Amino acid sequence: MSNAVTYDAARRRIISLATGGDPDAPVAACPGWAVRDVLAHLAAGLGDFAEQRFEGVEDGS
């Protein structure tokens, strides 16, 4: 599967979670987390990226 296909599938699942209606619903892929937790985590990561807060982030090498 290409990166574009993988990204699009993940994006669609996240949109489905965000528009599903119950922010307290559990998320099977993230045991112990509710929809609101996943969305908060993703939003915080985006905020860190936008503010260029990268300390502690591994570079993958």
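A residue is called buried if its relative accessible area is under 20%, exposed if that area is over 50%, and partly exposed in between, using a 1.4 Å probe and protein chains only. Keep those words handy, as they come back in each view below.

The model shown here is predicted, so local features need pLDDT of at least 70, side-chain atom pairs count only at pLDDT 80 or more, and totals for chains, interfaces and linings use all residues. Residues are numbered from 1 along each chain as its sequence is written, and side-chain values use heavy atoms, with hydrogens and water left out.

View 1. Helices (H or I, at least four residues) and strands (E, at least two) are DSSP runs, numbered from the N terminus. Along the principal axes, the C-alpha atoms fill a box of roughly 35 × 25 × 20 Å. How much of the protein is made up of buried residues? They account for 8% of the 61 residues. The accessible surface comes to about 5100 Å², and 59% of it belongs to carbon and sulfur atoms. Such areas come from the Shrake-Rupley method with a 1.4 Å probe, and for residues only the protein chains shown count as cover.

**View 2. Asp-8, Arg-11 and Arg-12 are joined in a network of salt bridges.** A salt bridge is a side-chain nitrogen of Lys or Arg within 4 Å of a carboxyl oxygen of Asp or Glu. Between Asp-8 and Arg-11, the closest N and O atoms are 2.6 Å apart. Why are Asp-8 and Arg-11 separated by about one helical turn? Because they are three residues apart in helix 1. Asp-8 and Arg-12 also meet in a salt bridge, at 2.8 Å from N to O. These two are four residues apart in helix 1, so about one helical turn separates them as well.

**View 3. Arg-12 sits in helix 1, which covers residues 3-18.** Its side chain makes a polar contact with the side chain of Asp-8, at 2.8 Å. A polar contact is a pair of N or O atoms within 3.5 Å; within protein, one must be able to donate a hydrogen and the other to accept it, and residues adjacent in sequence count only if both atoms are side-chain atoms. Are these residues buried or exposed? Arg-12 is exposed, because its relative accessible area is 54%. Arg-11, at 33%, is partly exposed, and Asp-8, at 24%, is partly exposed too.

**View 4. Arg-36 and Asp-24 meet in a salt bridge of 3.0 Å, N to O.** Arg-36 lies in helix 2 and Asp-24 in the loop between helix 1 and helix 2, so the pair ties together parts that are 12 residues apart in sequence. Arg-36 is partly exposed, with a relative accessible area of 44%, whereas Asp-24 is exposed at 51%.

**View 5. The structure holds one aromatic pair.** The ring centres of Phe-49 and Phe-54 are 6.0 Å apart and their planes stand at 65°, so the pair is edge-to-face. Rings of Phe, Tyr and Trp (its six-membered ring) pair if their centres lie within 6.5 Å; planes under 30 degrees apart count as stacked, over 60 as edge-to-face and the rest as tilted. Phe-49 is exposed at 57% relative accessibility, and Phe-54 is partly exposed at 42%.

**View 6. Leu-46, Phe-49, Phe-54 and Val-57 form a nonpolar patch on the surface.** Together they have about 450 Å² of accessible area. Patches are made of residues with over 30% relative accessible area and no salt bridge, where like charges are joined within 9 Å and nonpolar side chains (Val, Leu, Ile, Met, Phe, Trp, Tyr) within 5 Å. Val-57 lies in the segment after helix 2 (35-50), and at 56% relative accessibility Val-57 is exposed.

**View 7. Ala-50 is found in helix 2.** Ala-50 is exposed, at 57% relative accessibility. Where is Gly-21 relative to Ala-50? From C-alpha to C-alpha the two are 28 Å apart in space, and they are 29 residues apart in sequence.
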